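Here is a short briefing to read alongside the model.

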Amino acid sequence: MAARLPGQVRVIERGWLSSNNILFLEGDSATLVDSGYVGHAEQTLALVREALGGRRLARLINTHSHSDHIGGNASLKREHGCDIVIPAGIEEHVLAWDEEALLLSQACQRGDPFRHDAVLRAGDEFELGGLAWRALAAPGHDMEALVFHCPAERLLISGDALWEDGFGIVFGEILGHQGALRATRETLEAIAALDVATVIPGHGAPFGDFEAALERAFRRQAAFEADPQRMGRNALKACFTFNLLDLQRLPASGLAAYLESVPFFRDVGARILGKSTGELAGWLLDELLRARAVAVEDGFIVPRMAA
Ligand SMILES: [Zn+2]
């Protein structure tokens, strides 16, 4: 089923390092949802400038606090002077620029501090592109995340709570805070109760087959609940692939030392998989080579997908 979008909505589909940027045209101004990864800030500025077509970017709204969704915030604010609106649950972390709570230092990802102007809470109603939207709590991938629903157009902006095939890493559960995986299921149940014809996800193209996507997401959640090691393996592969897109290349001989230096890889490898970083390095490289997610060229591990 092809995705159908109202004329005032422009989805700038990005790769996996940057989240999609969703632009809502509002007369001579506009609002953007999510701003990509900091390493792509220049690219984001150029793409948004082009999509604006001379309009003013008045607002930038974030679905959640991860590096690939907030990385362009500071640059966009510098260029456009836009107001930044963030989920209320991350306000404290953004104000203090708490790199651990924002998952930056832990996962060895980068960010660019920014000042926000307002917050959105679950249940809040607001306007985007001249349409009425409501924010809903979407804990799981990020416990403070929000998704946005527009009943009139049956649209859902799902962030990383629901993709066409799955959802984002359930960081809370992976980091040992129980309840995040259960919250993931409850969020999927809450989303399933909405009237939705088109989903605009945080990554990947907008899609129309809401029911099939939900079914895949529920299956994945159940598989993770049944097998925490599977969830751990999946998270390590996804997070490493993401970081490699930022690094662009890593000496194969330095993989174990790199994994040892990043708390997320070291801790998850030990606690969930019971592997040392040396063992983890061998396993991870095998898995990613087999999945064709990476290649080894001249002694360097390089990504095989577009950033
Ligand atoms: Zn995310």
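Which protein donors does the zinc ion have, and how far from it do they lie? In this predicted model, they are His64 (NE2), His66 (ND1), His141 (NE2) and Asp160 (OD), at 2.1 to 2.5 Å from the zinc ion.

**The zinc site**
- Along the chain, the zinc donors are spaced as H-x1-H-x74-H-x18-D.
- His66 and His141 link distant parts of the chain, being 75 residues apart.
- His66 sits in the loop between strand S4 (56-61) and H2, while His141 belongs to the loop between strand S8 (131-137) and strand S9 (146-150).
- His66 counts as buried because its relative accessible area is 6%, and His141 is buried too, at 9% relative accessibility.
- The angles among the four donor atoms run from 75 to 167°, and the site is classed as irregular.

**The largest pocket**
- The volume of the largest pocket is about 770 Å³.
- Its lining has 30 residues, and Trp16, Trp163, Ile169, Ala238 and Cys239 are the closest to the centre.
- Helix H2 (67-70) and helix H9 (228-247) each give at least two lining residues, with H9 providing the largest share, seven residues.
- Domain 1 (9-226) and domain 2 (238-303) each contribute at least three residues to this lining.
- By class, the lining holds 15 nonpolar, nine polar and six charged residues.

**The second largest pocket**
- The second largest pocket has a volume of about 310 Å³.
- Of its 17 lining residues, Ala101, Leu103, Asp142, Met143 and Gly172 are the closest to its centre.
- Its lining comprises six nonpolar, eight polar and three charged residues.

How values were computed: Residues numbered from 1 in each chain as written. Predicted model: local features only at pLDDT ≥ 70, side-chain atom pairs only at ≥ 80, totals over all residues. Heavy atoms only, no water. 1 Å grid on protein atoms, 1.4 Å probe; cavity = no way out; pocket = protein on both sides within 12 Å on 5 of 7 lines; lining within 4 Å. Points joined across faces, edges and corners; volume = space filled by probe spheres on them. Helix = DSSP H or I, 4+ residues; strand = E, 2+ residues; numbered from the N terminus. Nonpolar A, V, L, I, M, F, W, Y, C, P; charged D, E, K, R; others polar. Domains from an automatic or database assignment. Donors = N, O, S within 2.8 Å, 3.2 Å for Na, K, Ca; no water. Tetrahedral: all angles 85-135°; square planar, octahedral: opposite > 155°, others 65-115°. Buried < 20%, exposed > 50% of the residue type's maximum accessible area, 1.4 Å probe, protein only.
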